[in-house]
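Please look over the structure below before reading on.

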Amino acid sequence: MREFLRRPRSALIMGGVVCLVVVAVLAVTVAASGSPGHKPEPAAKAFTLKQLGRAGQVSLAAFAGQPVIVNFFASWCGPCQKETPLLARFYAQHHGRIQIIGVDSNDKTSNAVKFVAKMGVKYPVGADPFPANTAVSYGVVALPQTFFLNARHHIVKHVIGGVTASELSAWADQLGGTGS
């Protein structure tokens with residue numbers, strides 16, 4: 001009878017040890033990969049584009065170590081016609097301390113140059129003509145789209161459709177209004 005009682009007790013102890021080992025392995029795995037369900041911020045794709053209507057290039061790498069807003073738009077895009085002046089005012093209000101890069105995607109250059117001049121755009125704009133490789137690398141299939149990048153150029157927010165003044169203000173607040 002004693003042997004019968006010892007077996008369940010030893011089996012119980014062994015089961016407890018196995019459970020502790022499983023819990024320890026899970027704890028180490030979660031600690032190594034972040035909290036469960038936490039997705040790491042994806043890195044933004046590097047790009048260098050011909051500057052729209054000017055000599056030179058626009059490159060994400062030129063803003064290394066700085067948070068950046070990357071806005072994909074086109075002159076023919078209705079929502080872009082409302083959004084672009086908002087971005088231009090936001091950039092002007094922050095005197096260039098908050099970085100914005102415009103990416104004119106799949107557009108006719110002459111129309112795009114007129115559009116950015118009319119909208120008062122002073123931030124750098126790169127031309128991404130058909131087949132719009134930069135837009136494609138970001139997964140952009142409809143315009144406008146805006147990507148908020150942290151200083152390591154990881155995407156921390158992605159807005160499909162027109163960005164709002166409150167989203168831009170929240171970004172400025174998050175950065176302390178300085179862009180650094």
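The points below are grouped by topic.

This is a predicted model, in which local features need pLDDT of at least 70 and side-chain atom pairs count only at pLDDT 80 or more, while totals for chains, interfaces and linings use all residues. Residues are numbered from 1 along each chain as its sequence is written, and side-chain values use heavy atoms, with hydrogens and water left out.

**Overall make-up**

- The chain holds five helices and seven strands; these are DSSP runs numbered from the N terminus, with helices being H or I of at least four residues and strands E of at least two.
- Read from the N terminus, the order of the elements is α-β-β-β-α-β-α-β-α-β-β-α.
- The chain has 180 residues, and 40% of them count as buried. Buried means under 20% relative accessible area, exposed means over 50%, and partly exposed lies in between (1.4 Å probe, protein chains only).
- Among contacts in the chain with a separation of 6 or more, 69% are between residues 24 or more positions apart; a contact means heavy atoms within 4.5 Å.
- The accessible surface of the chain is about 10,600 Å², and carbon and sulfur atoms make up 63% of that surface. Accessible areas come from the Shrake-Rupley method with a 1.4 Å probe, and for residues only the protein chains shown count as cover.

**The disulfide**

- The count is one disulfide, defined as a pair of cysteine sulfur atoms within 2.5 Å.
- Cysteine 77 and cysteine 80 form this bond, with their sulfur atoms 2.4 Å apart.
- The torsion about their S-S bond is about 75 degrees, so the disulfide is right-handed.
- Both cysteine 77 and cysteine 80 are buried, and the relative accessible area of cysteine 77 is 3%.
- Cysteine 77 sits in the loop between strand 3 (68–73) and helix 2 (78–93).
- Apart from neighbours within four places in sequence, cysteine 77 is in contact with Leu143 and Pro144.
- Aspartate 107 is 30 residues from cysteine 77 along the chain, and their C-alpha atoms are 9.5 Å apart.

**Aspartate 128**

- Aspartate 128 belongs to strand 5 (residues 125–128).
- Aspartate 128 is buried but has no salt bridge, and the nearest side chain of opposite charge, lysine 50, is 13 Å away. For charge, Lys and Arg count as positive and Asp and Glu as negative, while His and the chain ends are not counted.
- A polar atom of the aspartate 128 side chain lies 3.2 Å from the backbone nitrogen of threonine 134.
- Leaving out neighbours within four places in sequence, the contacts of aspartate 128 include Leu49, Val103, Asp104 and Thr134.

**Salt bridges**

- Side chains of opposite charge can pair when their charged atoms come close.
- The whole structure has two salt bridges, each a side-chain nitrogen of Lys or Arg within 4 Å of a carboxyl oxygen of Asp or Glu.
- Glutamate 41 and arginine 152 form a salt bridge (3.5 Å, N to O). This pair links distant parts of the chain, 111 residues apart: glutamate 41 is in the loop between helix 1 (2–33) and strand 1 (48–51), and arginine 152 is in the loop between strand 6 (145–149) and strand 7 (155–160).
- Lysine 157 and glutamate 167 form a salt bridge (3.8 Å, N to O). Lysine 157 lies in strand 7 and glutamate 167 in helix 5 (residues 165–174), ten residues apart.
- Glutamate 41 is partly exposed at 35% relative accessibility, arginine 152 is exposed at 57%, and lysine 157 is partly exposed at 36%.

Terms used. A polar contact is a pair of N or O atoms within 3.5 Å; within protein, one must be able to donate a hydrogen and the other to accept it, and residues adjacent in sequence count only if both atoms are side-chain atoms.
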